[in-house]
Every structure is written in structure tokens, then in C-alpha cells.
Amino acid sequence: MMENLVRDIKRIDKKLLTKIQQGKMTENFGQNDVLKLEDKYDYLTDNEIRTMIRDFSMYCATMNSSSKGFFKQNV
């Protein structure tokens, strides 16, 4: 299940980075995508999934034009 979450986050991240490059960043950027992830995955009972979704949510809230991607942020 974790592999599916990583795949979904990478897909969403790529979409959000494209929106930023197009100048389409809005308030609550990426929040709808995070909510969909929470609905799709059992984030309440799986601590590892909950942590990754929470971290991705924080990443979305702080994205800007210099963002390199969720999995590349600490490289």
C-alpha cells in the first residue's frame, strides 16, 4: 500500500509543480489532493501513511516557484 501512496504523491506533486510554473497557484494549494489521499488510504490507523500524508500536506502549504518536488526537497 505504501508503494501506491508514493506513486500517487509523485503524480500529484508533478501536477502541482506544473501548475506553479503556469502561475496557477491559489490559496489552499493542493489541499483537495491531500483530502483525496486521506480518503483513499487508511491514514487513521497506519502511522507511516499518516505521517507521509501529513508531511505532503505541509509541503503543499509551503510550495513556491523554487520547489523541487516532495521527494527531492531534502536532497
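Mentor: A residue is called buried under 20% relative accessible area, exposed over 50%, and partly exposed in between (1.4 Å probe, protein chains only). This is a predicted model, in which local features need pLDDT of at least 70 and side-chain atom pairs count only at pLDDT 80 or more, while totals for chains, interfaces and linings use all residues. Residues are numbered from 1 along each chain as its sequence is written, and side-chain values use heavy atoms, with hydrogens and water left out.

Isoleucine 20 belongs to helix α1 (helices are DSSP runs of H or I, at least four residues, and strands of E, at least two, numbered from the N terminus), and isoleucine 20 counts as buried because its relative accessibility is 13%. Leaving aside residues up to four places away in sequence, isoleucine 20 touches Met25, Phe29, Met63, Asn64 and Ser65, where contact means heavy atoms within 4.5 Å. Although isoleucine 20 and serine 65 are 45 residues apart in sequence, their C-alpha atoms are 6.2 Å apart in space.

Aspartate 13, also placed in helix α1, touches Phe56, Tyr59, Met63, Gly69 and Phe70, again not counting residues up to four places away in sequence. Aspartate 13 is buried yet has no salt bridge, and lysine 72, its nearest side chain of opposite charge, is 7.6 Å away; a salt bridge requires a side-chain nitrogen of Lys or Arg within 4 Å of a carboxyl oxygen of Asp or Glu, and Lys and Arg count as positive, Asp and Glu as negative, with His and the chain ends not counted.

Helix α1 (2–21) is also, together with α3 (47–61), what the buried residues of α2 pack against.
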